[in-house]
Amino acid sequence: MNPARILPDLQSSLMCDGVRQQSNGDLIVLGVMGLIRVPQVPITAQVVFVLNRWTAGVGQFTETVRLMAPDQTTVIRKGETKFALQDPAHSATNMMGLQQVELKTPGVYWVEVLVDDVMKLRYPMPVVVVQPPPGQPGAAPAPAE
């Protein structure tokens, strides 16, 4: 008996700056984020990527990625993509670009990853305000001597 549908497992999820593909098809993940450093808030990121890898499933699915505000109820950005797995030994790698992400306050934001409306993973993404070093754009002026 072959199962017609098995909900996949989420093998990994990373928030990152981008992904490049090598000539052999392998992916190079750029700028894996453990937190988001900003010079000020509010600020808008043009795009933030979330890379998800699914495995051990069979069927067609809809992946949903939500970025939640620190209040844990406000959805800042949401994206969906469809994918399919023909065999439990196969995997699917999806890259979601969340556009125009407005970060209004510092704090702990949350990335939620769902498949067919089933929550698979929820992880924190702290946003911290960090002043740029003196001499950099946006830095406070040096004290007068």
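Begin by selecting Lys78 and Glu80, which form a salt bridge whose closest N and O atoms are 4.0 Å apart; the term stands for a side-chain nitrogen of Lys or Arg within 4 Å of a carboxyl oxygen of Asp or Glu. By this rule the count comes to four salt bridges. Keep in mind that this is a predicted model, in which local features need pLDDT of at least 70 and side-chain atom pairs count only at pLDDT 80 or more, while totals for chains, interfaces and linings use all residues. Residues are numbered from 1 along each chain as its sequence is written, and side-chain values use heavy atoms, with hydrogens and water left out.

Next, select Arg122 together with Glu112, a salt bridge with its closest N and O atoms 2.8 Å apart. This pair links distant parts of the chain, with Arg122 in strand S10 (residues 118–129) and Glu112 in strand S9, ten residues apart; strands (E, at least two residues) are DSSP runs numbered from the N terminus.

Finally, show the surface: Glu112 is buried at 5% relative accessible area, whereas Arg66 at 22% and Arg122 at 32% are partly exposed (buried means under 20%, exposed over 50%, partly exposed in between, with a 1.4 Å probe and protein chains only). Keep Arg66, Glu112 and Arg122 selected, as salt bridges that share partners join them into one network.

Notes. Helix = DSSP H or I, 4+ residues; strand = E, 2+ residues; numbered from the N terminus.
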